[in-house]
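Please keep the viewer open as you read.

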Amino acid sequence: MRPSCQPFRIAGRSHLIRLPGLLLAAMASGCAMTNAVPPTPASEAIDIAPEAVPEFVPVTRYGRYTLVELAPTAAQHDLLLQVVDVEVPGTLGATVGDALRHLVLRSGYRLCDEQSADLLALPLPAAHYRLGPVLLRDALLTLAGPAWDLQVDDGERKVCFIRSLSEAHMPHEPKPPEINRSAESPPLIREVSP
């Protein structure tokens with residue numbers, strides 16, 4: 001027997017026709033429920049910040065994939081912001097003056113002529129033979145120490161060190177040694193026997 005050539009019939013074909021209709025109705029009702037925002041009254045003025053106008057920064061192509069700004073960096077404007085990495089030549093009698101001269105050698109600055117001989121004659125601590133990478137200002141202050149204030153003359157590109165007023169009036173006095181008072185004071189916890 002040969003099977004029938006009639007198309008396969010699904011019982012309840014009418015349910016299949018109704019299903020897409022129900023889905024469309026559910027989706028349409030979901031879209032119809034939106035939260036309406038009440039319009040703002042015309043009397044209330046909304047303060048809108050003006051759009052920031054992008055500043056024109058000239059650039060040029062440098063290599064295949066690199067664009068470089070045609071503007072000086074902060075360290076080129078303020079020379080004390082340049083990063084230095086300095087190693088003072090290792091001599092046995094190196095002084096703070098030698099280190100300061102070596103530091104400002106290629107910085108664009110020079111030491112004041114009337115520089116304090118007290119500072120320049122101090123021996124250079126071993127920790128200061130190598131400085132950096134650090135800002136030039138910080139390196140100068142580190143070499144001079146906390147007893148000296150840095151003064152910069154940008155017109156002549158000179159750096160000077162002036163004795164700090166707080167250090168000039170108060171010489172450094174070592175702290176008295178602390179006395180071990182634990183032997184003198186009674187114990188804080190007492191043992192109680194029953």
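What follows covers a sheet, a helix pair and some backbone details.

## Ground rules

This is a predicted model, in which local features need pLDDT of at least 70, side-chain atom pairs count only at pLDDT 80 or more, and totals for chains, interfaces and linings use all residues. Residues are numbered from 1 along each chain as its sequence is written, and side-chain values use heavy atoms, with hydrogens and water left out.

Helices (H or I, at least four residues) and strands (E, at least two) are DSSP runs, numbered from the N terminus.

## The three-stranded sheet

Three strands form an open sheet in the order S4-S7-S6, and their pairing is mixed. Strands S4 (110-111) and S6 (148-153) are at the edges with a single partner strand each, so one side of each has no neighbour in the sheet. Two strands count as paired if DSSP finds at least two bridges between them.

S4 and S7 (residues 158-163) run parallel and are joined by two bridges. Leu 111 has Val 159 in S7 as its bridge partner.

## Helix H5 and its cover

Helix H5 (residues 136-144) lies across S6 and S7, at about 140° to S6. Axes here are lines fitted to C-alpha atoms, for helices over the stretch in contact, and angles run from 0 to 180 degrees between N-to-C directions.

Which residues of H5 are buried? They are Leu 136, Ala 139, Leu 140, Leu 143 and Ala 144 (buried means under 20% relative accessible area, exposed over 50%, partly exposed in between, with a 1.4 Å probe and protein chains only). These residues lie on the same side of H5, because they cover an arc of only 130° around the axis, taken from the directions from the helix axis to the C-beta atoms. Their cover includes strand S3 (83-87), helix H3 (96-103) and strand S5 (130-135).

## H3 against H5

The axes of H3 and H5 come within 10 Å and cross at roughly 170°. The two helices are therefore roughly antiparallel (angles over 145 degrees).

Val 96, Ala 99, Leu 100 and Leu 103 in H3 meet Leu 136, Ala 139, Leu 140 and Leu 143 in H5, where contact means heavy atoms within 4.5 Å.

## Backbone details

Most residues other than glycine have a negative phi, and most peptide bonds are trans. The bond from Gly 132 to Pro 133 is cis, with omega near 0°, and Pro 133 is found in strand S5.

Arg 157, in the loop between S6 and S7, has a positive phi of about 55° although it is not a glycine. Arg 157 is partly exposed, at 43% relative accessible area.

Notes:
Parallel < 35°, antiparallel > 145°, perpendicular 65-115°, else oblique.
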